[in-house]
Amino acid sequence: MCIRDRLEIAPSVDVNFSETSSLAASVRIRIDAQDQLEPGRPAFDTYSSASSPLELGTAGAAEIRDLYVEFRSEHGLTRLGKQQIVWGRMDGIKVLDLVNPQDFREFILDDFADSRISLWSAYLDYTIGGWRTEVALVPDSTGHAIPEDGAWFALTAPRFRYGAEPGQPGLPVVTLEPGHSFGEAAAGVRLSRQFGSFEVSGVAYSGMDPEPLGRIGVHSGEAIVERYYERRDAFGFSIDMGLGPAVLRAEYAYQPERVFNTRSPDQLSTTELDQHRGAIGIDIDGPLGVFVNLQYLADSISDAPAELVRSETDRIGTLFLRKTFAYDAIAFEARWYHSFTDEDRLASLSVEYAISDNTSVELAAHAFGGSADGLFGQFAERDRITLSLGHPF
């Protein structure tokens, strides 16, 4: 059990140049006085040079979260700069949320709005022939931010260590810098339309896979694991349907010939396999004003060999509950994740109190359980309590 405190400063500014153009900018500064979350200097080797945060010694880092200009018209908008482009509709799990990589500094405990890594990109959102048409062009090849060995949420399950068992010594990892070539740029399009109580959408996306692969290399005469990236293509759809006090959601993504690592006793290799990832969820306005969200995710690899470093199929269920009191001044939230593949779990409870319109304090507790090989069980010794003070300005 760990009791932690931390300081996070996130100043932001919005400037309207005219009725049709504006500028949005925000910065986030994170300070970890105990230097336990990421011991030593934080590593940003998975970021492109244009997106990499600024180190603040061993205490933390500062980063640009948003810096974009927006141009609006009666038919839609164009946004240019550092931003998040959110196409997924599920809560706390990802299917079609493909564009921005994720910072796993806090594993999945942060809201996605806070853990997504903003990228330099161009985003167009216009209505064409009755269809909402969104286009993303992303020259920024940043990958997932992965905690280093020794970090509080260092990923230790075999699937994140190229098949190495927990506690098994691993080779040093060196990230190969992206080439920043045109071939590493990403592009995607999302088409959506409302039909009565239904909203349907289709997504096509191609870009560098933010999840790294590994291969054995030699550096300064020593064996290492080279962390590198390949492209991936994805095609999918989503359906939202209103059912009175409930909303039913479904998402599906097909990633053909995605590259995965395989591991044998004396070799680390790769193979191309088709991946199918789908989720269904329902939001319910429950009794006594309790908001209920239930979701189920199934992620399957076709014709997976026994040497695949991840599971052939992942099946995860989630239950989220939220209730506000005292005219929304107090918010209670409970979250439960359960992996039916690994039979492990994560439980999270939080209470947030709004001291004023601009200041809030949150007390949260997170508990993990299960096998050290599991998605959540790898953090079975990482239960913790956090106290956070928020004051946007």
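Trainee: Which residues is Ala 364 in contact with, leaving aside its neighbours within four places in sequence?
Mentor: Contact means heavy atoms within 4.5 Å. By that rule Ala 364 touches Leu 349, Ser 350, Arg 384, Ile 385 and Thr 386. This is a predicted model, where local features need pLDDT of at least 70, side-chain atom pairs count only at pLDDT 80 or more, and totals for chains, interfaces and linings use all residues. Residues are numbered from 1 along each chain as its sequence is written, and side-chain values use heavy atoms, with hydrogens and water left out.

Trainee: Is Ala 364 buried or exposed?
Mentor: Buried means under 20% relative accessible area, exposed over 50%, and partly exposed in between (1.4 Å probe, protein chains only). Ala 364 counts as buried because its relative accessibility is 5%.

Trainee: What polar contact does the side chain of Gln 84 make with a side chain?
Mentor: A polar contact is a pair of N or O atoms within 3.5 Å; within protein, one must be able to donate a hydrogen and the other to accept it, and residues adjacent in sequence count only if both atoms are side-chain atoms. Here the partner is the side chain of Arg 116, at 3.0 Å. A polar atom of the Gln 84 side chain also lies 2.9 Å from the backbone oxygen of Ala 113.

Trainee: And how accessible is Gln 84, buried or exposed?
Mentor: Gln 84 is buried too, at 19% relative accessible area.
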